[in-house]
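I opened a new model today and kept notes on what I looked up. The entries follow the order in which I worked.

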Amino acid sequence: MQTVLRLDSKWYDDGLQLAKWSDSSKKVLSLAFFELREILLRKVSPYCMHLKGRGGIKGSVRLLHRKLIEFPFAARFDVKSFYGSINHKILLRLINNMDIKPTGGTPVVHPKSELSEIIRDYVIIPDTENKGKGIVAGGALSTLLGALYLSPLDSAMNALYKKGSIFYLRYQDDCVILAKSRWKLKTALKLLYTTLDKLQLKIHREEKYFVGKSSKGISFLGYYFIPGRKPKPSCECLGRFVKRARQLLEQFPSTENRGNVTPRSYDQSKKDRLLDYVMKFYTYLGAGLCDAASHRRARKIILFIEFKLGFDLSAKITLC
């Protein structure tokens, strides 16, 4: 069978499969991405939030914050080794069942190929070990194919949502189920496990897993939620920020050993690198959520960094 795509190299990083495609393949994949995205926007659940126009991370945070107060029970989970566990036969069957065709009715991504053939090559060609599962992570089509692969779960949860039993939200493979009673949550979880078994996927139980009362608080997409309170950056999110900031801070002399050295005489590139990191992190936290979320803990961390360095970050950062 003639292939449309050509793979230049493949490697693994932290357990994830990565690939480099030829220049001609990159152009085909770029066109295929926009075409497939438009198709999925019409076919995939509106609560699959990582697709364009669905709200993204901040839209998910705002939506979950509004809904959480209505539901006393919650479940939060993600799929274990999601991209590495995607079964090729199941994925290609979903593509065939969904009848993926270009918007205009004729293929535009490649003059001699259908979109489904390009997807088939994207899935199968990197599988040089013939495992029959796993797709490249971070590739041009991976997030879209991930959205498609979990569409049976979306459909199952949406059926319960229409009955008023639950509320369901997904960002890639990170999911939240909210329920008004413990029994309804158990019903949803039973359907969840049944659906994931059919997709040959498993829940990641070691971390990012919670089932219980929503009043205990849940973490989702880097934020921590308690009903009736503003969401705030989660301990895990702030922990990663502190770890990286500490690594950059260690490159500066402490206040005790600073002597006659002034802040302006520090290595400017190191100072700029730390400042750039802090600005990007705080901008990310505040973007779209400045009034809707609490950033008190993040402000305290930034004030501590100001103290350690001896210069004011507030001139560069708007502290919400």
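Entry 1. This is a predicted model. I began with Ser 234 and listed its contacts, leaving aside neighbours within four places in sequence. Ser 234 is in contact with Ser 219, Gly 222, Tyr 223 and Tyr 224. I then looked up where Ser 234 sits: it lies in the loop between strand S9 (232-233) and helix H9 (235-249). Is Ser 234 buried or exposed? Its relative accessibility is 4%. Buried means under 20%, so Ser 234 counts as buried.

Entry 2. I turned to strand S3, residues 73-78. How many of its residues are buried? I found that six of its six residues are, and S3 is mostly covered. I checked the two faces separately. One side carries Phe 73, Ala 75 and Phe 77, the other carries Ala 74, Arg 76 and Asp 78, and all of these are buried. Arg 76 and Asp 78 are therefore charged residues on a covered face.

Entry 3. I looked up the strands that pair with S3. Strand S5 (residues 174-179) is joined to S3 by six bridges, and the two run antiparallel. Within this pairing, Phe 77 has Cys 175 of S5 as its bridge partner. Strand S6 (residues 210-213) also pairs with S3 in the antiparallel sense, over four bridges. Here Ala 74 has Gly 212 of S6 as its bridge partner.

Entry 4. Next I looked at the nonpolar cores. The largest has 56 residues, and the members that touch the most others are Leu 91, Leu 145, Tyr 149 and Ile 177. Which helix gives the most to this core? I noted helix H1 (residues 23-43), with six residues. I also found a second, separate core of 36 residues, which includes Tyr 171, Val 176, Leu 238 and Ile 302.

Entry 5. Not counting residues up to four places away in sequence, Leu 91 touches Ile 86, Val 123, Ile 135, Leu 145, Leu 148 and Tyr 149.

Entry 6. I then compared two helices, H4 (residues 88-98) and H5 (residues 115-124). Their axes come within 11 Å and cross at roughly 170°. Angles over 145 degrees count as roughly antiparallel, so H4 and H5 are roughly antiparallel to each other. I listed the residues that make the contact: His 88, Leu 91, Leu 92 and Ile 95 from H4, and Ser 116, Ile 119, Arg 120, Val 123 and Ile 124 from H5. They divide into six nonpolar, two polar and one charged.

Conventions
Residues numbered from 1 in each chain as written. Predicted model: local features only at pLDDT ≥ 70, side-chain atom pairs only at ≥ 80, totals over all residues. Heavy atoms only, no water. Core = buried A, V, L, I, M, F, W, Y, C linked by side-chain atoms within 4.5 Å. Buried < 20%, exposed > 50% of the residue type's maximum accessible area, 1.4 Å probe, protein only. Contact = heavy atoms within 4.5 Å. Axes fitted to C-alpha atoms, helices over the stretch in contact; angles between N-to-C directions. Parallel < 35°, antiparallel > 145°, perpendicular 65-115°, else oblique. Pairing = 2+ DSSP bridges.
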